[in-house]
Amino acid sequence: MRERALRIAWRGAAVAMLLLGVPLFVLGPALAWQNGNARLQQRAETIARYVDRVHSDGHKVTPKQLEPWIGPGQWVQVVNKDIVQVGTRPGFPSQQANRLSAGGTTVTVEGTAWRVLGQVALVGVLVIMGATGTFAVASALALREARRIAAPLIYLAAQAEQVGQGQVRAQIKPCGIEEIDLVAEELRHSSERIAGKIAAERQFASDASHQLRTPLTALSMRIEEIELISGEPEVQEEARKCLEQVERLTQTVSDLLTKTRVSGGSAEAINVDHLFAHQHEEWEQAFAAKGRPLEFVNDAARFALATPGNLAQVLATLIENSLHYGGGKTLVKARPGTSSRSIFIEVSDEGEGVPDRLGAHIFDKGVSGHGSTGIGLALARELTVADGGRLELTQMRPPVFTISLGAVPLDPDKVMPKGALVSVGRRRRRF
């Protein structure tokens, strides 16, 4: 948008210079030259009148009498019965004026044109400076207006990103541009509708879970009772099969409820500095006890979009694995992604890394190279995927685990302040 605004401003400035600057650049030198000629004509007329007065008194004009009438760099010639010349005739460039008096005297005045040419050059310099100043002012105004328009659009994009992630917050402050303020208000209405639907879905899932679990529990207890009191093997076998189906149905209900909660939209814009500070406080002593350094670096300058609990658990899992199975310094680094809406968080150390036989299956459940349960990394990947991100082993030796998440390039507390005032047209309302 800034480049487009600059191009429009430069085009306007170019048109203005074509309409005003070019005529001034052409007419200015012509007027300066004409003024120089007019001054010489006036000097020649003055000298001609003086010569006529001298002749009317019956005297001749001498060069000494004409010296006070000529200026620096000028040459005068008076032709009547005699020819009288005063001064040194200037070379190129020069201007000349001729005057024939009433008494028949011809006066020629010639002067150097360097002064006039200097004025012409000054006019050209002033025109060029005016054009440069015009382009500079136009650029400054264009950048200012572009920022005024682009900033609220960036804020709207950040708010829409959070709404898409299910995080419903207050709208941005009005920018004074009616169309953008109208979009902001409509986005607020949409976020409220989304919030209502999410709340209704969660309530439905909770109610359905409660309504289904109670009879399923009673049915399971009843089947277990039948299995215990019956002495017939066929009945006991059927009871066990029914009990398995009931347990499967109960697990299905629990899975559906969990999926509804995950997809219900709990992602927030997380301040990476605060997240790193919390993790550093939690793990600093454990690393110090083993004599290993733990360092956190945030080069991202943006906010991560994730569920706070999920991201904290994923990061804690990676740091804990580095503590128990890694070596040397553990580095947790946040860096910007390939676009302004992504962020990478890397956890690395200086240990031996991941064996080749485990590289492709490191995130599978039950897979472990050190005798652990093999659940931690699998769960960490599931939590990251639930927030729309990825958890990958980007380097095996030394090990580097990378968390890829969506991001917001602006501070949400500044983008979406609480209780903002929305202004659309002449209507002003507070929410």
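Visitor: Which residue forms a salt bridge with Glu237?
Guide: Arg240 does, with the closest N and O atoms 2.5 Å apart. A salt bridge here is a side-chain nitrogen of Lys or Arg within 4 Å of a carboxyl oxygen of Asp or Glu. This is a predicted model, where local features need pLDDT of at least 70, side-chain atom pairs count only at pLDDT 80 or more, and totals for chains, interfaces and linings use all residues. Residues are numbered from 1 along each chain as its sequence is written, and side-chain values use heavy atoms, with hydrogens and water left out.

Visitor: Where do Glu237 and Arg240 lie?
Guide: Both are in helix α5 (residues 233-263), three residues apart, about one turn of the helix. Helices (H or I, at least four residues) and strands (E, at least two) are DSSP runs, numbered from the N terminus.

Visitor: How exposed is Glu237?
Guide: Glu237 is partly exposed at 32% relative accessibility, and Arg240 is partly exposed at 35%. Buried means under 20% relative accessible area, exposed over 50%, and partly exposed in between (1.4 Å probe, protein chains only).

Visitor: What about Glu225 and Arg222?
Guide: Their side chains meet in a salt bridge, 3.3 Å from N to O. They are three residues apart in helix α4 (residues 178-229), so about one helical turn separates them.

Visitor: How many salt bridges are there in the whole structure?
Guide: The search finds nine. One of them pairs Arg99 with Glu45, with 3.9 Å between the closest N and O atoms. That pair links distant parts of the chain: Arg99 is in strand β3 (residues 94-100) and Glu45 in helix α1 (residues 2-56), 54 residues apart.

Visitor: Now the second largest pocket. How much space lies in it?
Guide: About 320 Å³. On a 1 Å grid over the protein atoms alone, a pocket is an open set of points where a 1.4 Å probe fits, with protein on both sides within 12 Å along at least five of seven lines; lining residues have an atom within 4 Å of a point. Grid points are joined across faces, edges and corners, and the volume is the space filled by probe spheres set on the points.

Visitor: Which residues lie nearest its centre?
Guide: Of the 13 lining residues, Arg39, Leu40, Pro72, Gln74 and Arg115.

Visitor: Which element gives the most to the lining?
Guide: α1, with five residues.
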